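Subject: Structure for you to look at

Hello,

Here is the structure I said I would pass on. Please have it open while you read the notes below.

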Amino acid sequence: MSFQVRFTEDAEDAENDLIRLYELILNKEEPDWTLAARAIDAIKGAIRALENSPFSYRKAGPDNSFLRELIIPFGASGYVLLFEIEDDKTVTILALRHQREEDYH
């Protein structure tokens, strides 16, 4: 079964997450455009993986088995994609964070 992957209804938040993560790489002393493009490719690949197996990723907490996290390895750290399995056809991406961001828990 294939799931439809979508961003939250407030698509601006998801778009801002992607832009922020892209700029995180480019705002270094020596911006690396290739590295930034590879990071976006890794994130896109993870999003595509959700289409086939959203239940295979870890639960985000003990209270809701439909709220899950996908760890996206990248370099020495990576990204965390928070998503919710809405029904038997839909997965909604709620947030995307770099593991080294200040507000990452």
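Helices here are DSSP runs of H or I with at least four residues, strands are DSSP runs of E with at least two, and both are numbered from the N terminus. With that in hand, the order of elements from the N terminus on reads β-α-α-β-β-β-β. That comes to two helices and five strands. Keep in mind throughout that this is a predicted model.

Overall size

The C-alpha atoms fill a box of roughly 45 × 25 × 25 Å along the principal axes. The radius of gyration is 14 Å, which agrees with the value near 13 Å that a compact globule of 105 residues would have. Of the 105 residues, 34% count as buried. The protein exposes about 6800 Å², and carbon and sulfur atoms supply 49% of that area.

Take the contacts with a sequence separation of 6 or more: residues 24 or more positions apart account for 45% of them. As for charge, there are 12 positive and 21 negative charges, and their mean positions are 7 Å apart.

Strand 1 and strand 5 (residues 90-98) run parallel and are joined by four bridges. Within this pair, Arg6 has Thr92 of strand 5 as its bridge partner, and Gln4 stands opposite Thr90.

The next pair is strand 5 with strand 4 (residues 77-85). These two run antiparallel, with seven bridges between them. They form a hairpin with four residues between the strands. Two facing pairs can be picked out by eye: Tyr79 stands opposite His98, and Phe83 stands opposite Ile93.

Strand 4 also pairs with strand 3 (residues 67-74), in the antiparallel sense and over eight bridges. Leu70 and Leu81 are bridge partners here. This hairpin has two residues between its strands, and Gly75 takes a positive phi near 65° in it.

How many residues of strand 4 are buried? Seven of its nine are, so by the cut-off of under 20% relative accessible area the strand is mostly covered. Strand 5 is also mostly covered, with seven of its nine residues buried.

Gln4 is in strand 1. Leaving out residues up to four places away in sequence, Gln4 touches Lys89, Thr90 and Val91. Gln4 and Lys89 are 85 residues apart along the chain, yet their C-alpha atoms are separated by 6.0 Å.

Glu69 is in strand 3. Is Glu69 buried or exposed? Its relative accessibility is 17%, so Glu69 counts as buried. Asn52 is 17 residues from Glu69 along the chain, and the two C-alpha atoms are separated by 15 Å.

Ile19 is in helix 1 (residues 11-26). Ile19 counts as partly exposed because its relative accessibility is 40%. Between Ile19 and Glu69 the separation is 50 residues in sequence and 20 Å in space, C-alpha to C-alpha.

Regards

Key: Residues numbered from 1 in each chain as written. Predicted model: local features only at pLDDT ≥ 70, side-chain atom pairs only at ≥ 80, totals over all residues. Heavy atoms only, no water. Rg over C-alpha atoms; globule rule 2.2 N^0.38 Å. Buried < 20%, exposed > 50% of the residue type's maximum accessible area, 1.4 Å probe, protein only. Contact = heavy atoms within 4.5 Å. Areas by Shrake-Rupley, 256 points an atom, 1.4 Å probe, with all protein chains shown as cover. Lys, Arg positive; Asp, Glu negative; His and termini not counted. Charge placed at Lys NZ, Arg CZ, Asp CG, Glu CD. Pairing = 2+ DSSP bridges.
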